[in-house]
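Dear colleague,

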Amino acid sequence: LINRLRHNVIKTGLRRINLSYSRISLADVARKLKLDSAADAECIVAKAIRDGVIEATINHNESYLQSKETVDLYSTQEPQLAFHKRISFCLNIHNDAVKAMTFPPDAHKEELESSEQRRERLQQEQELAQNLADEDEDEL
């Protein structure tokens, strides 16, 4: 547990050094991280670069760490494209939902009866009611 804690502290220190300095000697890295030698710092920095902890290169001949330039992501088109993709997805879901909720055109007209059919139905209902009323009077 203590070793893992030490490694995490060293990785965090390397990240901060990488952000702070564009170029720093490995001896200075060793001094800032309280490592034994520049060779130890070189091994640790190489492993951190390989693991993707920091974005940098090591110049072994001159013994320094060169940080790669951080590109401002917001100056590119990438955020706008990602945002556009999300908005398009949401709009497509909305349009599909609206389309699913709509009724076919003139569907309500099929269910409505014409005035002639309505008159016939009402007349049949009245005749049926009259017949039922006549039957009730005959039974009494």
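How many residues lie between strand 2 and strand 3 in their hairpin, and which residue in the turn has a positive phi? There are 4 residues between the two strands, and S63 has the positive phi, of about 60°.

This is a predicted model, in which local features need pLDDT of at least 70 and side-chain atom pairs count only at pLDDT 80 or more, while totals for chains, interfaces and linings use all residues. Residues are numbered from 1 along each chain as its sequence is written, and side-chain values use heavy atoms, with hydrogens and water left out.

Helices (H or I, at least four residues) and strands (E, at least two) are DSSP runs, numbered from the N terminus; two strands pair if DSSP finds at least two bridges between them.

The sheet is open, with 3 strands in the order 1-3-2 and antiparallel pairing. Strand 1 (23-25) and strand 2 (56-59) are at the edges with a single partner strand each, so one side of each has no neighbour in the sheet. On average, neighbouring strands are turned by 20° against each other, direction ignored. (Axes are lines fitted to C-alpha atoms, for helices over the stretch in contact; angles run from 0 to 180 degrees between N-to-C directions.)

Strand 2 pairs with strand 3 (residues 64-67) over 4 bridges, and A56 stands opposite S67. Helix 2 (residues 26-33) packs on the sheet, touching strand 1, strand 2 and strand 3, where contact means heavy atoms within 4.5 Å. The direction of helix 2 makes about 80° with that of strand 1. Helix 3 (residues 38-51) touches strand 2 and strand 3, at about 145° to the direction of strand 2.

Strand 1 and strand 3 pair over 3 bridges, with Q66 as the bridge partner of R23.

Yours sincerely
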